[in-house]
Amino acid sequence: MIGFRANVELYGISTDSGVHMAKLKNKIADFDSGIVLIRNKSDKKNINVIVIALAYDSNNNIKRLIMAPDYDAIYYEPEIRNRLASLKGFTFSRLMCLYEKSCGAVVFNRIHKVPKVLLVKNKNGRYWSFPKGHVEYGETELETAKREIKEETGLSVSSVDGFREVTTYSPFGKIRKRVVFFLAEAFTERVIIQEEEIDYSTWVSFKEARNMCCYDNDKKVLTKAEHIVKRM
């Protein structure tokens, strides 16, 4: 159901957060209504929407469809949760969102003659990559990246101005993931991994890192980061 397109009729009074109840013109599975999030006020009662999230109850059953106008449908989980909080009495156990956003960084150090890059392997993960994690409500992208680095590795880092690389991919189904990477310098190699999230960490050269990373997007980010580090 996530990613489905539909036409709805808005009804009732919307909240100050732009949350509307809506009737589906055609059912989606067993649902004939849902919640629509609208950023800008509109007098239109009939609009085309996309299902941007599914709200589940504690028994892992879909409780409600969350939708947005097809012309303004990119919402990430923190904003959706914040909007839904304005609905009195509406509770849910978890959300599955069409769009997911994470932020992280290529973390490097210049302690030795050859700069080293930090790679981590997530819990139960099969691939080496960079520290990253989901954005929390109210955070900037860079704040998210630094928080996640600190939580996952214990490192406090200094970001390098002018570096911001974005990768997008769909790991399964219609879910669309966006990852924003910064470049950040660490001044120690002492890593304290977050055992709930990370299995392994290692410092390696840029060349070794490209060989260890499996995804082309990660390799491209590494190459761009290396060019900047070499000029520092």
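Let us start with a pair of charged side chains: Arg147 and Glu136 form a salt bridge, with their closest N and O atoms 3.6 Å apart. Because Arg147 lies in helix 2 and Glu136 in the loop between strand 10 and helix 2, the pair ties together parts that are 11 residues apart in sequence. Please keep in mind that this is a predicted model.

Arg147 also meets the side chain of Glu151 in a salt bridge, at 3.3 Å from N to O. Glu151 and Arg147 are 4 residues apart in helix 2, so about one helical turn separates them. Salt bridges with shared partners join Glu136, Glu139, Arg147, Glu148 and Glu151 into one network.

Another salt bridge is formed by Arg39 and Glu79, whose closest N and O atoms are 3.0 Å apart. This pair links distant parts of the chain, 40 residues apart: Arg39 is in the loop between strand 3 (31-37) and strand 4 (46-56), and Glu79 is in helix 1. The count for the structure comes to 17 salt bridges.

Here is how accessible these charged residues are:

| Residue | Relative accessibility | Class |
|---|---|---|
| Arg147 | 15% | buried |
| Glu136 | 43% | partly exposed |
| Glu151 | 36% | partly exposed |
| Arg39 | 32% | partly exposed |
| Glu79 | 22% | partly exposed |

Now for helix 2 itself. Its 13 residues (141-153) should span 18 Å at 1.5 Å a residue, and the C-alpha atoms at its ends are 18 Å apart, which agrees. Buried residues of this helix are Thr144, Ala145, Arg147, Glu148, Ile149, Glu152 and Thr153. They pack against strand 7 (99-109), strand 8 (116-122), strand 10 (132-134), strand 13 (176-185) and strand 14 (198-205). After the helix comes Gly154, with a positive phi near 80°.

Elsewhere, Ala73 sits in the loop between strand 5 (62-69) and helix 1 (77-84). Ala73 is buried, at a relative accessible area of 6%. Leaving aside residues up to four places away in sequence, Ala73 touches Ile50, Ile52, Ala68 and Tyr99.

Finally, what about the cysteines? The structure holds 0 disulfides. For Cys103, the nearest cysteine sulfur is that of Cys97, 15 Å away. Cys103 is buried, with 0% relative accessibility. For Cys214, the nearest cysteine sulfur belongs to Cys213 and is 7.5 Å away. Cys214 is partly exposed, with a relative accessible area of 46%.

Notes
Residues numbered from 1 in each chain as written. Predicted model: local features only at pLDDT ≥ 70, side-chain atom pairs only at ≥ 80, totals over all residues. Heavy atoms only, no water. Helix = DSSP H or I, 4+ residues; strand = E, 2+ residues; numbered from the N terminus. Expected span 1.5 Å × (residues − 1). Buried < 20%, exposed > 50% of the residue type's maximum accessible area, 1.4 Å probe, protein only. Contact = heavy atoms within 4.5 Å. Disulfide = S-S within 2.5 Å. Salt bridge = Lys/Arg side-chain N within 4 Å of Asp/Glu carboxyl O.
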